[in-house]
Amino acid sequence: MYEAVIGLEVHVELKTRSKIFCSSTTEFGGEPNTHVCPVCLGLPGVLPVVNREVVDYAIRVALALNCQIARFCKFDRKNYYYPDLPKNYQISQYDLPLAQNGYLEIETENGPKRVGITRIHMEEDAGKLVHQGNIATTPYSLVDYNRTGVPLLEIVSEPDLRSPEEARAYLEKLRTIIQYTGVSDCKMEEGSLRCDANVSVRPAGGDALGTKTEIKNMNSFRALHRALAYEIERQIAVLTEGGRVVQETRAWDEDRGVTVSMRSKEEAHDYRYFPDPDLVPLVIDEAWIEKVRTTLPELPDARRKRYMEDFGLSRYDATVLTSSKELGDYFEACVAAYPHPKTVANWVMGELARLLNAHNMDIIASPVAPAQLAALLRLIDDGTISGKIAKTVFEDMFTTRKDPATIVREKGLVQITDVDAIAAVVDEVINANPKSVQDYKAGKEKALGFLVGQVMKATRGKANPALVNKLLKEKLN
Amino acid sequence: MELCDLPAHQLSKLLRDRKVSAEEICRSVLQRIDEIEEKTRAYITLDGENALEQARRVDRRLREGADLPPLAGIPVAVKDNICTKGLRTTCASKILADFIPPYNATVIERLAAVDAVIIGKTNMDEFAMGSSTENSGFFPTRNPWDYSRVPGGSSGGSAAAVAAGETIYALGSDTGGSIRQPAAFCGVVGMKPTYGAVSRYGLVAFASSLDQIGPLTKDVTDCALVLNAIAGYDPRDSTSAPGEKTDYTRFLKEDIRGLRIGIPREYLGEGLDDGVRRVVEKACAVLEDAGAEIAETSLPHSAYALPTYYLIAPAEASSNLARYDGVRYGYRARDAKDVVDMFKKTRSRGFGAEVKRRIMLGTYALSAGYYDAFYLKALRVRTLIKRDFDEALATFDALLSPTTPTPAFLLGEKIDDPLKMYLSDIFTLAINLAGLPAISIPGGFVDGLPVGVQFIGKPFAEGTLLRVAYAFEKRTGYTSRRPGLGR
C-alpha cells in the first residue's frame, strides 16, 4: 500500500489598484499593451518602487493564514529568459520571504485537519504570449504586457496533503480565506488563482519521502483533482513495476487526462537569485502589522464557530454557509430580517442553492434579495401561504425578481383558511370518492392522504393543509 | 579664451549682466564642436538646433525680466546612458543604436527645471564598461590634451567635451571611477556623489548598487551649482536618500584651517607613476600650507577592492543587461529560427566584447554552486572595505589620494589587456563599493598631461569635498588651464 505526499504552490493575483512596482492599472483585460508604462515594460533606466498597498494585502493574507510575519524582508531577482518577462528577471522574494510558518484547517472524512503553510512571498506577474494557433507551430508570437507587474502572492504549503481530495479541500479553503480578506477574486479561469503541485508516493505509514514530481498547468479544481489522482497512480505503477520515479516537472494534459514530462531535474533553470539592488529591504514594524490586523474581517473558521454556537447550526451547515464570504453575508442578512437561522439555512442551502446552481449563478448575483426571502418566510409563518406554495412562489421570485407578496396576490395564491369554504370542498371530495372513504373507515390510513390530496388539488394547493386534515378527520369519524 | 572655455558661473554672470546672450554662448559651443569634434569625437548625438531654440527661449525670458536659476541658458552635455525623452540614448551600444526613450531621467527633468540647454549626448564605453571610451560600440573619443591619448572612461565623451569647450559642463555616471578617472585624464573637475544623493531613475543601469550620476565641470564652483540642480530625493528611486535640498555653494570657502585630511598609504604604493606621486605630495603641501592637518592613514582591505568590484559589478550587470533581447526595443537579429535563437543572435551581435565578458563573469559569479564562493564572499568583503573607510573617516574629515595611477595612456595601449585596463580604476572603485562621495580635481601636470587628485568624504559630506577642493583650486589655479586643442 502506498500513500501520497502532496504540497501545493499557489499563486494569487492581488487586486490592488496599481501594479506592484509602478502606477499602471491592474485591471483585467484591456487592449493589449495599454495597461503599461516604462517601468513595467522594463525600459532601459527605469526603477521599481514597492507599492505599499501590496504589502498591506500580503500582510492581511499572512495574518489570515496564521503566519509569522518577517520584520525584515527583501526582494530578489529571479533570472531567466522568456519573452513575456520584460527585464528577463522576475522580482520575487527568495530567502527572506514576507511570512512563514502558518496553517489553515480543512475538513476531511476523518474530521478537521491542519495543513501547514511554509511561506508566503510577494512577486511580480509576467505578461502573456499570444500564439497563432499552436505554440510549437506558430510562425510568430505576440506579447501582451498588461499583466506584467501585477502583484502576486506565492503561498507554499507543507507536504501535509495525503490525497487529491485533501489537496482540493486545501485549495478551496485557501481560496475562501483569501476571498474573505478581500485581496483577490481568486478566479482560476481568469488566472487570478493558479496552482502547481509537488507529488510523491511512499509506502503507507513511512517517514521517508519518495522522489517527487512537480505538476503544472492545472486550471481548475477538477483538473487539480484529476491530475493528482492520475499522477499518484502513475508513480505507484512505476514503483510496483520495480521502476524509479524521475524527479521532473510534468504538465497536466486536460484533454488526454494525463501528465506529461516537461523537463528533467538536470534541465531545471538556475535562476541565479540575488538581492535586487534597486530595492531597499522592507522593514515591517508591529504598528504596521497591527494596523493591517484591524482591517481583517471575521474569517470563515471563526464565523463557522459563531454559526454553530449562536445559531445552533450543524457543523456541516455552518461550513457550507461560511464557504464564501458572500454566502455568509447573504445568510446573515436574511437572519437579521427573519431571526430563525435554521429555517433560513434550509432555504438558502436548499431552494436558493438549487436554483443558483441550475442557473450557474453566484450568490452575489442572486435575483432574490435577503429581505425578499425573509418576507416569503413570514408569509408562511402568518399562514398566508403554505410551505409548499412558498416553493413555487420562490421560483417565481427567482425568475421575476418580484416581491413574494406581489406574486401571491397576482396569482391568487393566498391560502384558504376559511373553515366553511374548505368544509364545502371536503364534502365534495367525500361524496366523489366513496371507495376511499370506505377504505379509510376500514382502517387504511393511507386513504386519508389520498383524500387530502384531492382537496388540495381542488383548491389548487391553496387550502391550509392542517385545516384540511382536521376537517376530513372530523367528517369521517 | 572663447565663451565656450568659461565655467558656467562666469557665463551666468555675463548673461545676467546682459553682456552676452544664451544664444551667443550656445553658438560658441556649437562653433567649437564644428572646429574640433572630428578630432575629439566626444558626441554620439548632437542636438544643436534644439539647443539654440532653448537658448533663445531663455534669452526671451531674461529680456522679459525673469529671474532664472544660475544654470539657465548654459549648455550641458549628457552621457549617453541617461535617458532623454525623444533624444536617442544608445549607451554607446549597437544594441540600443536606435533607442529613443519615451521618458526623461529624473536628472534631465531637473536640468529642464533650471532651463539648462542640452547640446547632445556624449560618447562612453559601452554600457559604461571601460576606462578609456575605446569600448564604445561606435568610435573612440580622444583626449583634447593629446589626441593620441584616451580621455579615460567610461564618461570619456563628457570629460573630453568639457575640457575642449564642446560644452560648458556635462553629466556623467560613475560605477567604479567613470566620472573621476576621465575628469583626471582630461583636467576637469568630476564628482561622484554619495550613493543615493542623485536619483538613478533614467540612468541605464550597469551595476545598480554602485552607479551614481554626477557632474563634470570646468571648476569647483560649477560642480556645486550642478549638484544643486540634480541632487535630492526622488520617490521614483527607492535607493534615493530622503532629506532637504542643500545649497552646495555655501561650502565654497577658501578657509580649510583645522581640516583633517588622511592619506591612505595603500593608495601611494606600487604601480603609482612618479609624476603622479609628486603631484599628490605637492597637493599635500598646498593643503598643509592652507592650514589643513595632513596625516597618513590606512585602508587595510584595499587590495581586495578590485576583485570584489569585478564580482559585484558584473553580477549586477549580467542581470541588468538581460533585458536587451530584441523583443521590445533596440537591435533584433532578423534571421533567427526561433525565440531562443533570436535572443542569442541579438545579444551576440548587439553587445561588444567587454560587455559580453562582464555578462559572462557575472553570470558565473551568481550561478548555483559558485554564488557563495564568489558573489556572497564579495558582498562580505565589500562590508570590510566600507568599514575601512568608516574607520579612517572617523578620524579624518576627508581622504586624499591620486585619482589614477598614471596620466592618460595611449589609445590601444591597454585595450587588449583587460586586467591592465581594470587597474586604471584602482584608486576609484573602492569608493563606489563603500558608497561614499569623492571628487577629482586637477592637481598638476606631468609632461603636459593633467593629473587628478581625489578627495573622499563621509556619506553626504559633498559639502566638505567642495570646500577642500575649492580651497585647493584657489591656491593652485589648475582648473583655469585649457588644452591647446592642436590649433
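Is B:Ala92 buried or exposed, and how many C-beta neighbours does it have inside 10 Å? I looked this up before anything else. B:Ala92 counts as buried because it has 33 C-beta neighbours inside 10 Å. The term buried requires 20 or more other C-beta atoms within 10 Å of the residue's own, exposed means 12 or fewer, and partly exposed lies in between, with C-beta atoms placed from the backbone.

**Basis of the entries**

I worked on a predicted model, in which local features need pLDDT of at least 70 and side-chain atom pairs count only at pLDDT 80 or more, while totals for chains, interfaces and linings use all residues. Residues are numbered from 1 along each chain as its sequence is written, and chains are lettered from A and ligands numbered from 1 in the order in which they are written.

**Backbone angles**

I noted for B:Ala92 a positive phi near 55°, in a residue other than glycine. B:Ala92 is found in the chain B loop between β2 and α4 (106-113); helices (H or I, at least four residues) and strands (E, at least two) are DSSP runs numbered from the N terminus.

A:Cys186 sits in the loop between α2 (164-181) and β11 (193-203) of chain A. A:Cys186 counts as buried because it has 21 C-beta neighbours inside 10 Å.

I also recorded a cis peptide bond between B:Gly153 and B:Ser154, with omega about 10°. For context, most residues other than glycine have a negative phi, and most peptide bonds are trans. B:Ser154 belongs to the loop between β3 and α5 (156-164) of chain B.

I followed the chain into α5(B), where nine of its nine residues are buried. Among them are B:Gly156, B:Ser158 and B:Val162. After α5(B) comes B:Gly165, with a positive phi near 75°.

**The sheet of chain B**

I traced an open sheet of eleven strands in chain B, in the order β1-β3-β2-β4-β6-β5-β10-β11-β9-β7-β8 and with mixed pairing. Two strands pair if DSSP finds at least two bridges between them. At the edges are β1 (43-46) and β8 (293-297) of chain B, each pairing on one side only. Neighbouring strands are turned by 30° against each other on average, direction ignored; axes are lines fitted to C-alpha atoms, for helices over the stretch in contact, and angles run from 0 to 180 degrees between N-to-C directions.

I found three bridges between β1(B) and β3 (residues 117-122) of chain B, which run antiparallel. B:Leu46 stands opposite B:Gly120 in β3(B). Helix α3 (residues 48-63) of chain B packs on the sheet and touches β1, β2 (75-79) and β3 of chain B. The direction of α3 makes about 160° with that of β3(B). Contact here means C-beta atoms, placed from the backbone, within 7 Å.

**Cores**

I looked next at the largest nonpolar core, which has 222 residues. A nonpolar core is a set of buried Ala, Val, Leu, Ile, Met, Phe, Trp, Tyr and Cys residues joined through C-beta atoms within 7 Å. The residues with the most contacts inside this core are A:Ala58, A:Ala62, A:Ile120 and B:Val76. Helix α1 (residues 52-64) of chain A gives the largest share of this core, nine residues. Leaving out residues up to four places away in sequence, B:Val76 touches several residues, including B:Leu111, B:Ile118 and B:Tyr169.

**Between the chains**

I recorded 35 residues of chain B in contact with 25 residues of chain A. On the side of chain B that touches chain A, the elements giving two or more residues are α9 (305-320), α10 (339-350) and α11 (353-366) of chain B. The largest share, three residues, comes from α9(B).

I also checked A:Val280, in the loop between β15 (274-275) and β16 (282-283) of chain A. Neighbours within four places in sequence aside, A:Val280 is in contact with B:Ser238 and B:Thr239. A:Val280 is partly exposed because it has 14 other C-beta atoms within 10 Å.

**A strand residue of chain A**

A:Gln68 is exposed, with 11 other C-beta atoms within 10 Å. A:Gln68 and A:Gly102 lie 34 residues apart in sequence and 6.7 Å apart in space, C-alpha to C-alpha.

Conventions. Two residues are in contact if their C-beta atoms, placed from the backbone, lie within 7 Å.
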